[in-house]
Amino acid sequence: MGTCFQGGIFDTIADMEIQAFWNTYAGGMSPAELVWQFGRGDMEAGVRAYITKYPSFYGIMRRGNWRETFADSTQYTRQDVFSALTTYLELHRDEWEQEVRDREAAEAQARAEEKKRAEAEALAAAIARVEAESQVTAANGSEGTPDGASAAHETPHAAPTQHAETGLPEAALSQARCQADAEAIAAAMARVEAEARAKSDSGASSDEREHESTGDVNAQRTEEHDGHTPVSGPDVDTEQRS
């Protein structure tokens, strides 16, 4: 009795049952394994990709070994095998379709988790870099100069700002897993910047006060030296009375 295969009726394979065809040419794989491994869920694409890798000789598909293949009175072409395997998969779709969906879902979840991990590492590295730059800025702002005079005029290093100005890639924030992640990162960066500015301003104010105090003392000494400040004492009073 002939068997109808997807794509037409082939006299050359009418005597072979579909199950026997699958057992011979599927290489011991389950339907779900073949469809997923070679087609990522696409049945026909999977079968076509599979049979292109299957050993053949002038279009004849090997059955077992070549001696066995040519010892039989009938040889099967690549199109014969393709039609037989796809027909088998259609007849047994309920046995493999759900498993393929499960594999697809598991792979998508694994990709999503890997993406989240990579994004988290990139964001953590960027924030650590911003914090390190802020600490360097604060340290530079609090250090005095050797003469104590030019510190007030020294331009503080610009504190890192958010997003592109800090060197934090815009793509990193846009890839945050949710809005809450982005807001938390922005808040942390703002806090670091505020602390850096406070430290820098505090260091500059201290240097200015020291500079002003030194200037007052020098001015007073100069006035005394030039005689602008009245000097009193016993000798001076006696000399004036004489």
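This is a predicted model: local features need pLDDT of at least 70, side-chain atom pairs count only at pLDDT 80 or more; totals for chains, interfaces and linings use all residues.
Residues are numbered from 1 along each chain as its sequence is written, side-chain values use heavy atoms, and hydrogens and water are left out. Local features need pLDDT of at least 70 and side-chain atom pairs count only at pLDDT 80 or more, while totals for chains, interfaces and linings use all residues.

**Exercise 1.** Find which residues of helix α1 are buried, and work out where they lie around the helix.

*Solution.* Start with the helix itself: α1 covers residues 18–25. Helices (H or I, at least four residues) and strands (E, at least two) are DSSP runs, numbered from the N terminus. Next, pick out the buried residues, meaning those under 20% relative accessible area, with exposed over 50% and partly exposed in between (1.4 Å probe, protein chains only). These are Ile18, Phe21, Trp22 and Tyr25. Viewed down the axis of α1, the buried residues fall within an arc of 100°, so they line one face of the helix; the arc is taken over the directions from the helix axis to the C-beta atoms. Their packing partners are α2 (31–39), α3, β2 (60–61) and α5 (78–91). Just after α1, Gly27 has a positive phi of about 65°.

**Exercise 2.** Place Pro55 in the fold and list what it touches beyond its sequence neighbours.

*Solution.* Pro55 belongs to the loop between α3 (43–52) and β1 (56–57). Its relative accessibility is 29%, so Pro55 counts as partly exposed. Now leave aside the neighbours within four places in sequence: Pro55 is in contact (heavy atoms within 4.5 Å) with Ile60, Met61, Arg62 and Trp66. One of these, Trp66, is partly exposed, with a relative accessible area of 29%.

**Exercise 3.** Classify the ring pair of Phe57 and Tyr58.

*Solution.* A pair of aromatic rings is described by the distance of the centres and the angle of the planes. Rings of Phe, Tyr and Trp (its six-membered ring) pair if their centres lie within 6.5 Å; planes under 30 degrees apart count as stacked, over 60 as edge-to-face and the rest as tilted. The whole structure holds ten aromatic pairs. For Phe57 and Tyr58, the centres are 4.6 Å apart and the planes at 90°, so this pair is edge-to-face. Phe57 also forms an edge-to-face pair with Trp66, at 6.1 Å centre to centre and 65° between the planes. As for accessibility, Phe57 is partly exposed at 45%, while Tyr58 is exposed at 76%.
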